Amino acid sequence: GGDLDRLCSGVLISDSHVLTAAHCVVNRSNGTVYTPNMIQFLAGWGNEGASALGQAHQIFVHKSYKFSHTVSDELVSTDIAIIELLTPMNANGIRPFLFNRSPAIGQKISIISYVEKKLEPPLIKKKCKILTIKNRIIVSNCVVDFGASGAPIFTEINGELMIASIVSAKAKVNGEDVSLGVSLDGPLNELLDQLRKVSSTAQMEKLNTFIYN
């Protein structure tokens, strides 16, 4: 979404809400949040095109997030946003994912994301593992490309993919390429508190149904 040349990834967490990185919905030149009409969400976008298209209705960015070109713990740990869609997405078997809020060091993960700079971006799935969890950040040895911003970091439990984190940035730790993800424990709860203040009861009930089941 955003700039015409801008591609990010995201994940459906209810039939009307997309979880992504805050920096995906913020203008990089002045730090303001994009207007909803500038953001579209393509569900299940693969080689056959998208199976559904969603238009943003409201955008919620973590209240402590301040855009910066410098990666820091503070920046990554608040790099989270929820896009509320204008109409629910439930066509073609599209379904939201559940959360794994307590991933463990050493746990195997998958990052499913798009790759930027291609007309029809392929979905790329990378398998890797969690290296450390600190300062509300999950560090993994997944090497990610720019289109992976906002992509879900999944753990697999009994064959079911569950969201453990959202890709925020790539970095180097001790010479090794790593990806940095937002821990969903505190930051997601804080963002949901923001939504509660302004969202309709129906929207919050819908979100709670998916998140706390």
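Trainee: What does buried mean for a residue here?

Mentor: Buried means under 20% relative accessible area. The model is a predicted one.

Trainee: Why is Cys8 called buried?

Mentor: Cys8 has a relative accessible area of 14%. The cut-off is under 20%. Therefore Cys8 counts as buried.

Trainee: What makes Cys8 and Cys24 a disulfide?

Mentor: Their sulfur atoms are 2.1 Å apart. A disulfide needs the two sulfur atoms within 2.5 Å. So the pair of Cys8 and Cys24 qualifies.

Trainee: What handedness does the link of Cys8 and Cys24 have?

Mentor: The link is left-handed, with -90° about the S-S bond.

Trainee: Which parts does the pair of Cys8 and Cys24 tie together?

Mentor: Cys8 lies in the segment before β1 (11-14). Cys24 lies in the loop between β2 (17-20) and β3. So the pair ties together parts that are 16 residues apart in sequence.

Trainee: Is Cys24 buried or exposed, and how do you know?

Mentor: The relative accessible area of Cys24 is 4%.

Trainee: How many disulfides does a search of the whole structure find?

Mentor: The search finds two. The other pair is Cys128 and Cys142, with sulfur atoms 1.6 Å apart. The limit is within 2.5 Å, so this pair counts as a disulfide.

Trainee: Why is the disulfide of Cys128 and Cys142 given its handedness?

Mentor: The torsion about its S-S bond is about -45°, so the disulfide of Cys128 and Cys142 is left-handed. The pair links distant parts of the chain, 14 residues apart. Cys128 sits in strand β8 (residues 123-134). Cys142 sits in the loop between β9 (137-140) and β10 (152-157).

Trainee: Are Cys128 and Cys142 buried or exposed?

Mentor: Cys128 has a relative accessible area of 11%, so Cys128 is buried. Cys142 has 2%, so Cys142 is buried as well.

Trainee: What pattern do the disulfides follow?

Mentor: The pattern is 1-2, 3-4, with bonded cysteines counted along the chain.

Trainee: How do you know that strand β3 and strand β4 pair?

Mentor: Pairing requires at least two bridges. Strand β3 (residues 40-43) and strand β4 (residues 52-61) have four bridges, in the antiparallel sense. They therefore pair. Phe41 stands opposite Gly54 in β4.

Trainee: What makes β4 and strand β5 a pair?

Mentor: β4 and strand β5 (residues 81-85) share five bridges, again in the antiparallel sense. At least two are needed, so β4 and β5 pair. Val61 has Ala81 in β5 as its bridge partner.

Trainee: Why does Ile211 count as buried?

Mentor: Its relative accessibility is 5%. The cut-off is under 20%, so Ile211 counts as buried. Ile211 lies in helix α3 (residues 201-211).

Trainee: Which residues is Ile211 in contact with, leaving aside its neighbours within four places in sequence?

Mentor: They are Ile13, Phe99, Arg101 and Leu192. Contact here means heavy atoms within 4.5 Å.

Trainee: How far apart are Ile211 and Asn100?

Mentor: Ile211 and Asn100 are 111 residues apart in sequence. In space, C-alpha to C-alpha, Ile211 and Asn100 are 10.0 Å apart.

Trainee: What share of the contacts with a separation of 6 or more joins residues 24 or more positions apart?

Mentor: Such residues account for 64% of those contacts in the protein.

Trainee: How many helices and strands are there, and what share of the residues is buried?

Mentor: The protein has three helices and twelve strands. Of its 213 residues, 49% count as buried.

Definitions and conventions
Residues are numbered from 1 along each chain as its sequence is written. This is a predicted model: local features need pLDDT of at least 70, side-chain atom pairs count only at pLDDT 80 or more; totals for chains, interfaces and linings use all residues. Side-chain values use heavy atoms; hydrogens and water are left out. Buried means under 20% relative accessible area, exposed over 50%, partly exposed in between (1.4 Å probe, protein chains only).
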